[in-house]
Amino acid sequence: METFSRGKNGFFSSGYLVIPTNIATSSGVRSFSSEPVSRESMNYDVVIVGAGPAGLSAAIRLKQLCKQKDVDLSVCVVEKGAEVGAHILSGNVFETRALNELLPQWKQEEAPIHVPVSSDKFWLLSETRAFSLPCPFNNEGNYVISLSQLVRWLGLKAEELGVEIYPGFAASEILYDTSDKVIGIATNDMGVAKDGSRKDNFQPGVELKGHITLLAEGCRGSLSEKVIKKYDLRKKGHGQHQTYALGIKEVWEISADKHEPGSVLHTIGWPLDHKTYGGSFLYHMKDRQVALGFVVALNYHNPFFNPYEEFQKFKHHPSIRPLLQGGTVLQYGARTLNEGGYQSIPYPVFPGGAIIGCSAGFLNVPKIKGSHTAMKSGMLAAESAFNTLQEGSPLEFFWDNLRTSWIWKELYSARNYRPAFEYGLFPGLALSALEHYIMKGKSPWTLKHGKPDHESIEEAQRCTPIHYPKPDGIVSFDIPTSLYRSNTNHDHDQLAHLHLKDPKIPELVNLPVYAGPESRYCPARVYEYIPDESGQLKLQINAQNCLHCKACDIKDPKQNIEWTVPEGGGGPGYTIM
């Protein structure tokens with residue numbers, strides 16, 4: 001067995017868990033023992049779930065404060081991806097405001113931020129034409145980057161400061177004390193077969209206990225959602241329900257004569273109808289790479305609507321296809337994003353910790369940016385956590401500091417853009433123009449979001465089926481081809497991480513009433529209706545395909561699908577997303 005060193009607290013190092021001999025794995029025989037497994041417990045001052053922009057920024061800021069104040073706090077970050085950045089997907093036109101505050105010398109320290117925005121365009125598409133509109137994004141001074149690469153760099157910076165990062169371990173459970181205060185998390189057991197038996201590589205989960213726990217799981221974080229519900233944090237923060245979109249992305253390598261480093265394009269309109277909110281992005285990165293994505297709000301109405309197929313259709317537009325022809329797709333992925341903004345922010349502090357980043361929902365919708373706000377929220381939480389541990393001040397000061405920060409001002413001024421489109425494309429554009437150019441975010445009203453995304457879907461009999469063209473294999477592709485490019489991998493023989501609360505609902509409700517929408521909104525074909533021996537359609541769940549996008553957890557009409565973490569290390573393996 002390889003030996004690892006990690007200091008005084010336990011047995012982790014380099015993303016691997018060394019099991020002490022007194023809890024060794026079974027010797028090649030599967031065990032169905034129902035006896036509780038002894039879990040190793042490790043103590044820290046701060047436990048952070050998620051090695052994304054928010055989680056790593058919080059970890060770095062904590063260690064910076066330790067250095068400034070000459071104190072020593074133990075900080076660990078647990079990450080379900082096989083490596084830091086493996087599950088990170090974003091546009092990404094990056095605003096450096098938070099990074100400038102966190103690591104002012106990032107240029108000298110060789111952060112992977114090299115391509116400044118060189119042009120910024122905004123188009124309204126019809127089926128055959130592109131109409132240029134005034135560009136509201138103001139991306140001057142921003143950079144086209146790969147967020148997964150930036151996160152890897154942040155991970156290195158965190159480790160240099162003494163943060164312990166454990167990729168490949170999924171936080172599956174919140175730990176509470178007898179007073180219902182959060183005291184940490186537990187990772188799930190590894191090596192458990194589908195039937196619940198322990199395989200010969202079985203490893204029990206580990207309890208990571210912290211005086212403070214920060215949840216930075218990204219959009220629709222599974223533990224974050226449980227905490228929000230348990231402590232009724234939306235009501236406490238006077239927030240509305242969250243509303244979401246699904247982003248589907250490819251990274252292409254195109255010919256040099258078509259490549260314009262730093263060129264940024266956003267589109268709205270075709271192929272979406274005027275009632276469906278969404279659009280595309282096309283960013284020219286370095287090395288002849290282009291980030292191409294399609295974002296669709298998950299409050300769409302027609303159950304026959306298929307976001308993946310809409311993306312494939314979009315690539316055939318005469319203004320887009322010529323750029324891609326002759327190119328090669330390097331990577332594919334998908335992820336949901338928060339669109340609720342200011343109106344949907346929950347109270348972020350719970351007994352024993354806080355929710356940060358996109359788990360809380362700090363995305364600025366009109367900017368289409370959330371990385372800078374996620375980072376800043378992590379930094380603010382770190383400062384509050386440090387003061388709590390060192391001076392005994394309430395962690396609730398995070399909420400106060402958040403509301404006096406530039407995050408709050410930015411989200412407040414952007415609050416009416418997304419709900420404006422509840423009235424349709426052109427009324428939404430008109431109201432957005434009013435907000436941006438006339439009211440400048442200071443209008444005396446605050447628009448509300450419509451009903452939750454899962455309630456917006458209509459019965460199939462009231463909707464027109466949508467027939468999508470077959471992929472041509474040149475610019476459009478079928479899902480298996482795209483899925484291969486995501487580097488997604490799960491052990492097929494593991495406990496299911498996608499749970500049906502009632503296994504009868506798919507056949508009794510979703511299929512007859514809504515025409516089985518889960519077979520279309522999932523961008524990885526996790527859900528399929530397959531005829532059984534008698535010819536009756538039954539739902540088959542291909543959990544090994546899962547991209548961890550969370551669309552199913554959000555859009556299922558009866559909220560019957562519960563997304564939980566699979567074994568750590570599973571899922572997509574993004575490198576340039």
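This note goes through helix packing, salt bridges, a surface patch and some backbone features of a predicted model.

1. Helix α1 against helix α8. Helix α1, which covers residues 53-69, and helix α8, which covers residues 371-391, have axes that come within 7 Å and cross at roughly 40 degrees. At that angle α1 and α8 are oblique to each other, because angles under 35 degrees are what count as roughly parallel. The crossing of α1 and α8 is right-handed.

2. Helix α1 against helix α3. The axes of α1 and α3 come within 9 Å, and the angle at which they cross is roughly 20 degrees. That angle makes α1 roughly parallel to α3. Here α1 passes α3 in a left-handed crossing, whereas the crossing of α1 with α8 is right-handed.

3. The salt bridge between Arg39 and Glu207. Side chains of opposite charge can pair when their charged atoms come close. The model holds a count of 21 salt bridges, and one of the pairs is that of Arg39 with Glu207, with 3.0 Å from N to O. Arg39 sits in the loop between β2 (16-17) and β3 (40-49), while Glu207 belongs to strand β15 (residues 206-215), so this pair ties together parts that are 168 residues apart in sequence. The two partners can also be described by their accessibility: Arg39 is partly exposed at 27% relative accessibility, and Glu207 is buried, with a relative accessible area of 16%.

4. The network around Glu207. Which residues are linked with Glu207 in a network of salt bridges? The network is made up of Arg39, Glu173, Glu207 and Lys209. Within it, the side chain of Glu207 meets that of Arg39 at 3.0 Å and also that of Lys209, where the N to O distance is 3.7 Å. Lys209 is partly exposed, its relative accessible area being 27%, while Glu207 is buried at 16%.

5. The salt bridge between Lys157 and Glu109. In this pair the closest N and O atoms are 3.2 Å apart. Lys157 lies in helix α3 (residues 147-160) and Glu109 in the loop between α2 (97-102) and β6 (115-116), so the bridge ties together parts that are 48 residues apart in sequence. Lys157 counts as buried, with 12% relative accessibility, whereas Glu109 counts as partly exposed, with 32%. The helix that carries Lys157, α3, is also the one whose axis comes within 9 Å of the axis of α1.

6. A nonpolar patch on the surface. Tyr423, Leu431, Leu434, Tyr437, Ile438 and Trp445 form this patch, and together they have about 590 Å² of accessible area. Ile438, one of the patch residues, is found in helix α12, which runs over residues 425-439. Is Ile438 buried or exposed? Its relative accessible area is 60%, and Ile438 is therefore classed as exposed, since the class takes in values over 50%.

7. Two cis peptide bonds. The peptide bond from Gly91 to Asn92 is cis, with omega near 5 degrees, and Asn92 lies in the loop between β4 (75-79) and β5 (93-94). The peptide bond from Trp270 to Pro271 is likewise cis, with omega near 5 degrees, and Pro271 is placed in the loop between β17 (263-269) and β18 (278-284). For a reader going through the backbone of the model, Asn92 and Pro271 are the residues that follow these two bonds.

8. Positive phi at His238. The phi angle of His238 is near 55 degrees, which is a positive value in a residue other than glycine. His238 is found in the loop between α5 (233-236) and β16 (244-253). With a relative accessible area of 74%, His238 is exposed.

9. Positive phi at Ile368. Ile368 is not a glycine, and yet its phi is positive, at about 55 degrees. Where is Ile368 placed? Ile368 is in the loop between β22 (353-355) and α8, the helix whose axis crosses that of α1 at roughly 40 degrees. Ile368 is partly exposed, with a relative accessible area of 36%, whereas His238 is exposed at 74%.

Note on methods
Residues numbered from 1 in each chain as written. Predicted model: local features only at pLDDT ≥ 70, side-chain atom pairs only at ≥ 80, totals over all residues. Heavy atoms only, no water. Patch = residues over 30% accessible without salt bridge, like charges linked within 9 Å, V, L, I, M, F, W, Y side chains within 5 Å. Areas by Shrake-Rupley, 256 points an atom, 1.4 Å probe, with all protein chains shown as cover. Salt bridge = Lys/Arg side-chain N within 4 Å of Asp/Glu carboxyl O. Helix = DSSP H or I, 4+ residues; strand = E, 2+ residues; numbered from the N terminus. Buried < 20%, exposed > 50% of the residue type's maximum accessible area, 1.4 Å probe, protein only. Axes fitted to C-alpha atoms, helices over the stretch in contact; angles between N-to-C directions. Parallel < 35°, antiparallel > 145°, perpendicular 65-115°, else oblique. Left-handed = near helix turned anticlockwise from the far one by under 90°.
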